[in-house]
Amino acid sequence: MLKDKIYEDFNLNRNVLLDNFSEPIRQLKHKAFESFVKLGFPHIKLENWRHTNLKNIIENDYKHCFSPSDKDVDIEQLFQCELPEMDTYTVIQYNGWFMSRNNDISLMDNGVIIGSLNKAFKEYPEIVEKHFGKYTAVEKRSLEALNTAFAQDGIFIFVPDNVKLEKPIQIINILDADTNLITQPRNLFIIGKNSELTLVHCDHSILHRQSLINSLSEIFIDENGFVDHYKMQNKDAESTLITTINVHVESNARISTNALILNGGVIRNNVNVKLNGKNAQADLKGLYLVDRKQHVDNQVFIHHASSHCYSKQLYKGIIDDDARAVFNGRILVDKDAQKTDAYQTNKNILLTDNASVHSQPQLEIYADDVKCSHGSTVGQLDPNAMFYLRSRGICEHSSRMLLMYAFASEVVDTITIEALKYRLDTMVSKRLKGELSICDQCVLHCSEKAPDFLKMDFKPIV
Amino acid sequence: MLSIKNLEVSIDNKVILKNFNIEVKAGEVHAIMGPNGTGKSTLANVIAGREGYEVLNGDIIYKGKSILESKPEERAREGIFLGFQYPVEIPGVSITNFMKTAVNEIRKHKGLDPMPAGEFLSMLKEKKKIVEMNTTLASRSVNQGFSGGEKKKNEIFQMAVLEPQLAILDETDSGLDIDALRIVAHGINSLKNKDNATIVITHYQRLLDYIVPDFVHVLYGGRIVKTGGKELALELEEKGYDWIKQEIDI
Ligand SMILES: Nc1ncnc2c1ncn2[C@@H]1O[C@H](COP(=O)(O)OP(=O)(O)OP(=O)(O)O)[C@@H](O)[C@H]1O
Ligand SMILES: [Mg+2]
């Protein structure tokens, strides 16, 4: 049982999990562990976990990596996974640990700090302690507690006031081990007033061992700041990927997230956003293309804690074979959060009778001057559109492909960085065609069989 | 070119067409008129191969072969084109992409390589002129947010691109303003030649002022009950369908 293993791991590794940290962090981690002991792993009796059952997953044993790998990893090889047309800063997280070519943490001329969170605890304690754990519900959400207790390393980014980072930062999260592995990556992103940051977060795995990632990112966006966050998930069938992003948005600041899920075993993404100041905005998008026995669960929680804030959710999915998708979008509008605009859309296409989707909006509105809407659809490909396309000479397969691609493009088209949009567009169309890959030149591609439903030679033309 | 014999078609166990016969030769224009709900669109859909209809009897012979077993795309590749009464909106697919895919699939079927991009784009530009289509329209999603008239123009634009041998235009004139009607009719006429044929389904004689039909048929009770020249359309415009119904029902 994983739970026993976790107790044992924690107690045997107190030196690296607690003693290495400053007093406030140590206290928080200790409290988090006790909370996890109390709450245990999430189970299907919990409202937000009704459709994602971790039972079988946590019956397995997984090993933690309590120190960075000393294996000689060929970073140059891994770096092939950059988005080629894009000029990005690339950082790699290897089995949960920050990994770099030269420096573990660097301070750039413009005051931006990028590097290992583990190092940041020591080198920038005042910044880290001000934010670490502040946007995370260790008392209520057990996996966030677990991550906090076990957090050792991850990516740390600090952008001071008035700095717009032109280049996106690409984070590549890689699992590579010959045993079953659990990792608890912890990231902290702090964006100053009037500053901007673009993050592209890719999750890969190299070896097809059973793995469990429980990652947590905290993002703080100060007044008038902006974070554009992209997540690409292309994992193997043996993996369980649980990600949580907790975002705190101050007045006039904006968060945009885009989760593109192309493959995975079990994927659960939690996005929790607190709109904490007037005119704060959240624009949350997601696209999931799942087949075989994959399971994807997207949970969005937007807390309108201030007036005049805006939030929008657009999640779309195509579900094939026996795959299962879950979408749960919760909007909480506080009593004082007047003039709130909150919109939510979830659209699903089921390609087979065995594919399933559970889509649920949850609205809790305590203010009276609120514009709020939600809509959820589950359907097949539009037969009228199919006939229309076929009546022009386009074969059935191509017509399906074209419609699915078009369905997906509503999400992809919202990407504002042209190079990234082009890239993701290509990836989505490849994924639909059954040519599985995350990046063309990537060495980390999964070797599973391509899904049959779209093996064809159609090429969408942009 | 097209010969429909004794066709009987039902949908949801309801017989719509019965004893339906028509002969269409290359170079001809046929107009089909008839009261609402008599099965004009049903006929058009069945010729184009839409699923959901049951052919209980008879046959559709196109270019000498029965097409009843052919898929819609196969019929399209053989030159059948349906101008939809209600063109379908397809969010996310641009007209350009749509036409490029269609043209190249048809070419592939004929053993040809895809049309070079430059050639395709200049061809598209030429075809847009035929229906005086706004250039920005082609980059938009197919029919999405188009006005009724724009949708109909888009149908004829697609017809111009695909150059069918048999075009069935289902109420292409409805929803068009006077200028648009003239443009669309002009477009249809300019695509006409001695090797292709057109079936126009319409409620109004107006269209037939521009597209002069060789035959006007009246569809009623599942079959063609009257056939005449273009003067029949004038007569219908004047007197309605009651006199025909009376003739039949007696
Ligand atoms: N899917 C369907 N299910 C049941 N009945 C249908 C279906 N489609 C058409 N019908 C019926 O078949 C009949 C013929 O319809 P059709 O659309 O062919 O008429 P039409 O002659 O084109 O009429 P209009 O002039 O109004 O366009 C109508 O009574 C219609 O209600
Ligand atoms: Mg009709």
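**Close-up 1. B:Thr227 in strand 12 of chain B.** B:Thr227 sits in strand 12 of chain B, residues 223-228; strands (E, at least two residues) and helices (H or I, at least four) are DSSP runs, numbered from the N terminus. This is a predicted model, in which local features need pLDDT of at least 70 and side-chain atom pairs count only at pLDDT 80 or more, while totals for chains, interfaces and linings use all residues. Residues are numbered from 1 along each chain as its sequence is written, chains are lettered from A and ligands numbered from 1 in the order in which they are written, and side-chain values use heavy atoms, with hydrogens and water left out. With 46% relative accessibility, B:Thr227 is partly exposed; buried means under 20% relative accessible area, exposed over 50%, and partly exposed in between (1.4 Å probe, protein chains only). Look for its side chain making a polar contact with the side chain of B:His217 at 2.9 Å. A polar contact is a pair of N or O atoms within 3.5 Å; within protein, one must be able to donate a hydrogen and the other to accept it, and residues adjacent in sequence count only if both atoms are side-chain atoms. Not counting residues up to four places away in sequence, B:Thr227 touches B:Phe215, B:Val216, B:His217 and B:Leu232, where contact means heavy atoms within 4.5 Å. The C-alpha atoms of B:Thr227 and B:Ala31 are 9.6 Å apart, although 196 residues separate the two along the chain.

Close-up 2. Among the 14 residues around ligand 1, B:Gly37, B:Lys40, B:Ser41, B:Thr42 and B:His203 come nearest; a residue is near if one of its heavy atoms lies within 4 Å. Helix 1 (40-48) and strand 2 (14-24) of chain B each supply at least two residues of this shell, and helix 1 gives the most, with three. Oxygen atoms of ligand 1 lie 2.5 Å from a side-chain N or O atom of B:Thr42, 3.0 Å from a backbone N or O atom of B:Gly39 and 2.9 Å from a side-chain N or O atom of B:His203. The protein covers 65% of the 640 Å² of accessible area that ligand 1 has on its own (Shrake-Rupley method, 1.4 Å probe).

Close-up 3. B:Ser41 belongs to helix 1 of chain B and B:Gln85 to the loop between strand 6 (80-83) and strand 7 (90-94), so the pair ties together parts 44 residues apart in sequence. B:Ser41 is partly exposed at 22% relative accessible area, whereas B:Gln85 is buried at 16%.

**Close-up 4. Two loop residues with positive phi.** Most residues other than glycine have a negative phi. B:Asp12, in the loop between strand 1 (2-11) and strand 2 of chain B, has a positive phi near 50° and is exposed at 73% relative accessible area. B:Asn143, in the loop between strand 8 (141-142) and helix 5 (148-162) of chain B, has a positive phi near 65° and is buried at 0%.

**Close-up 5. A:Ser256 in strand 14 of chain A.** A:Ser256 lies in strand 14, residues 254-263, and is buried at 8% relative accessible area. Its side chain makes a polar contact of 3.0 Å with the side chain of A:Lys285.
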